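Trainee: I am new to reading protein models. Can you walk me through one, feature by feature?

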Amino acid sequence: MFEQWIENAANFHKRRSGFQKGSVFNPTGYSQEVPPNRNPIVSEKILPSEKKKMDLCPLVKNILLLDSEGKRVAVKYYSDDWPTNSAKEAFEKAVFTKTQKTSARNEAEITMFDNYVVVYKFVQDLHFFVTGGENENEIILASVLQGFFDAVGLILRGSVDKREVLENLDLIFLCLDEIVDGGIVLETDADVIAGKVASHSMDDGAPFSEQTITQALATARERLTRSLLT
Amino acid sequence: MAQPLVKKDDDRDEEVEYSPFFGIEKGAVLQEARVFNDPQLDPQRCSQVITKLLYLLNQGEAFTKVEATEVFFSVTKLFQSKDLGLRRMVYVMIKELSPSADEVIMVTSSLMKDMTSKTDMYRANAIRVLCRITDGTLLTQIERYLKQAIVDKNPVVSSAALVSGIHLLQTNPEIVKRWSNEVQEAVQSRAALVQFHALALLHQIRQNDRLAVNKLVSSLTRGSVRSPLAQCLLIRYTSQVIRESANNTQTGDRPFYDFLEGCLRHKAEMVIFEAARAITELNGVTSRELTPAITVLQLFLSSSKPVLRFAAVRTLNKVAMTHPTAVTNCNIDMESLISDQNRSIATLAITTLLKTGNESSVDRLMKQITNFMSDIADEFKIVVVEAIRSLCLKFPLKHRSLMNFLSNILREEGGFEYKKAIVDSIVILIRDIPEAKETGLLHLCEFIEDCEFTYLSTQILHFLGIEGPKTSDPSKYIRYIYNRVHLENATVRAGAVSTLAKFGAMVDGLKPRIFVLLRRCLFDTDDEVRDRATLYLNTLGGDGAVVETGADVKEFLFGSLDIPLVNLENSLKNYEPSEKPFDINFVPKEVKTQPLAEKKAPGKKPTGLGAPPPGPPSTVDAYEKLLSSIPEFSNFGKLFKSSAPVELTEAETEYAVNVVKHIFDSHVVFQYNCTNTIPEQLLENVTVLVDGSEAEEFSEVASKPLRSLPYDSPGQTFVAFEKPEGVPAVGKFSNMLRFIVKEVDPSTGEAEDDGVEDEYQLEDLEVVAADYILKVGVSNFRNAWESMGADFERVDEYGLGPRDSLAEAVNAVIDLLGMQPCEGTEVVSPNSRSHTCLLSGVYIGNVKVLVRLQFGLDGPKDVAMKLAVRSEDETVSDAIHEIVASG
């Protein structure tokens, strides 16, 4: 496997000059290399081998919608990282306490813990979270969060709070179902998501035509305010 | 829009939190679910009940198997309704219930009907549901529809089929792989998301075919990918191709680098960032290649969006580890991030600055950090402490101010992990920077005066016992240590007694005074404390005469135990009280990794106080018991080492055989673990014929056949060889499994009387030099190295030729020697040009061996290695070199 390197002086000098200065033969005999950092923010954990097949595809680990006390409103997990309900609850509690004091009402905020990247945004008494693996592209996660957040806004016609969400929980579940499938991003455009969800609720209750007009108006109003704001 | 689900008027009026699910109860909802069975379905009401069920599931309410089945069956009735909204809820509900195979059959036909429906929404969702719950057999039936769906003109349908394909590929790869043509067509789709999903699936279908991936990437990087998500994927695939093709390119130009750089000018932020990150992670990236990526990341640093700032600073933080100078341009932006509202960003900025900072900026930076420390959480503080430790190791001249900083924060409030990080850092600094020793020790002494953590107190006391006596004035530490005996709990008191005794043993001048103190400890209330004090007083000669303490006494009292504690614990547990006293020499020394359990992720490194890595439970005991129970092998003496099992057959063959090599002083026993994987066969009289013609020094002495080997119950057969005593003889053996095979009637399980003799060729087996070395770790390599002395040191240099990476070369040498890497030095940090690896082990004949390997990259790929061996025996040191030279 290795050819033993014949020890003769001439060769030795040639070889030695090939090394970078002070890199290999350090006189103290101890590695000068700094011990790798163990902290969660910069550690480079190797992905588990079973995920190897999928690791190149951006993956969402979960989407959480919690209330202002950290209680579950609607959640969806796409990963086996939290096998039991208590593991899920523990994660939600940790995420909630960690982000509680921050203000994420204008721009989406971001944090990292336990080797997960979490992006989040708050409105009224609702806390929206999207979690990804530690090596995930933060901006992709943020776009999923924004898609979910805006879609909920469209579906509820701007009045987004816990009560509205609970009263339209069926639509919120459909919304979650349309954003991510088994961890893979299905759609991030809020208009498209809300459109898909709304098209299913068309036949509910109100007459068809009336429904579409109100809906169209609401969407138009929403779009206008958004374009004015941004 | 959907109606409120439960109307409770009085609830609505109250100010208390209103919830349509207030007082919801599983039993009642299950009752309500009976409406699904009504002949006249009320879609709206059914929808509401499903929402309630989903709500319960979502809240973590568990449904029993019976309940879930019942709900599932009634939900299937709802396929009768034509209501769109209800159908949609039914789909979600079925996915949530994840029905079992026999239940799936109930809905298959309904879903297949929906899959071919004219309504796009039905098609898309039915595909997703069916693919989620289906198994392989059904898949072949619907394959035709799925292929059509992939190229459907409706992007939602197409995406649904593609995403389902990605999931199915994990379970039924052979089917999904047949869809390649359709998927290829979908990659060209005009719909952004379809392109993304198609690309993801196409790559996964072809991922094992490097050439195909290469072709895919080169054609797409030239073409136009519309979707930002697809573009991100393409960047990831491209960097993978770059990584894998790195060996083939001789010219300086990196393939596809231009593509990555071009992506830095993309309009979508996620693409820009993905490309920038990909560039920074290139193997051996040059500063010229880095510059454009750093520039865009720098722009992100001043973005108004926290997510962008975080992404950029996190990436730059990583770059700073390998290319600190490349990041210095961003220092001004970084400094303004210290006051960022988002503390994660601030912490990352600080630690990046600590990595890129130069000697002159340290003091200014420390000032900023001091203000910053008070308002961040412990976990961030730990990160900062670790960064400061690295900084101090980088600029040893600055140790005074950095050490001061550490001792200041040590005095402040903080949790255990945080305090431990600080103490660990101080300990490391004391070890590595001699000038910092005395101040550092005093800081630690002051800390234990008021330390609420027993663990930290005892660890510091232990450390004081090692380092304190070597200082210029050891007596000044005695007061701090003896105070512990008065003020602390029993664990700390016992630790303090040991430390006092160490001072007594090492510093003769202090002996009389130490004895006085130790004698007082004889009146302690705790047994352990008294026992220790008595032991030390007697062994150190506390009976008045001040004599020099003998080296063997020191070794006995304070020498490191060269046996893994778990092994000792196991042996003690197995020891049965008898005439024969317990002999510590019979405790196996091998740090045995469990052969059956899967490999664990590389564990955390022992830090600071040098805690030895916890050894996994030993299987040596089991082997030893097994072998000593076989009379033929009972006179071979003590088992020296058992190797990990080596597979002699391919996976999934008729007979699975692996072998464990047991090394004795003058014998080698091969233990063949055989498994019969054919239900219709019974094997009898199983032996392995070993041809040792290529192993001249070995001669077969005994073998033990396996009487019978029924289906799926593993059995063992053994072959023993004699070899020259104490000599690390190596050789190659070819193996042939011989047995009598009998047919078994699978229905009755009875074997026929007549059998046929048969043979089965196994792979060759080698006894290598590493089999004669035990993996035995040392807790403190430096101490062990120094105490071993340079008497039998052998140093030589080797060229290892071209290698894929430094890490690969390091692992190859570790495997070759079969020794235990110490202090986590088996991990090579990416992009480094050199590496030092420390190994320890015990050579056959119980000779301790320590090895220091220094690797360096010589030229683009050639690895050179300097090997220094110290051992207790000259011939062993030479033997190690022999192994490497001939390996």
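Trainee: How many helices and strands are there in chain B?

Mentor: Helices (H or I, at least four residues) and strands (E, at least two) are DSSP runs, numbered from the N terminus. Chain B has 37 helices and 17 strands. This is a predicted model: local features need pLDDT of at least 70, side-chain atom pairs count only at pLDDT 80 or more, and totals for chains, interfaces and linings use all residues. Residues are numbered from 1 along each chain as its sequence is written, chains are lettered from A and ligands numbered from 1 in the order in which they are written, and side-chain values use heavy atoms, with hydrogens and water left out.

Trainee: What share of the residues of chain B count as buried?

Mentor: Buried means under 20% relative accessible area, exposed over 50%, partly exposed in between (1.4 Å probe, protein chains only). In chain B, 54% of the 887 residues count as buried.

Trainee: And how do I read contacts in chain B?

Mentor: A contact means heavy atoms within 4.5 Å. Take the contacts in chain B with a separation of 6 or more: 64% of them come from residues 24 or more positions apart.

Trainee: Where do Arg123(B) and Asp120(B) lie?

Mentor: Both are in helix H7 (residues 120-133) of chain B. They are 3 residues apart, about one turn of the helix. Arg123(B) is buried because its relative accessible area is 13%. Asp120(B) has 31%, so it counts as partly exposed.

Trainee: Which parts of the chain does the salt bridge of Arg493(B) with Asp524(B) link?

Mentor: The closest N and O atoms of Arg493(B) and Asp524(B) are 2.8 Å apart. This pair links distant parts of the chain, 31 residues apart. Arg493(B) is in helix H29 (residues 490-506) of chain B. Asp524(B) is in the loop between helix H30 (511-521) and helix H31 (527-539). Arg493(B), at 12% relative accessible area, is buried. Asp524(B) is at 12% relative accessibility, so it counts as buried.

Trainee: Which residues do salt bridges that share partners join into one network?

Mentor: From chain A, Asp177(A), Glu178(A), Asp181(A) and Lys196(A). From chain B, Arg88(B), Lys95(B), Arg128(B) and Arg132(B).

How values were computed: A salt bridge is a side-chain nitrogen of Lys or Arg within 4 Å of a carboxyl oxygen of Asp or Glu.
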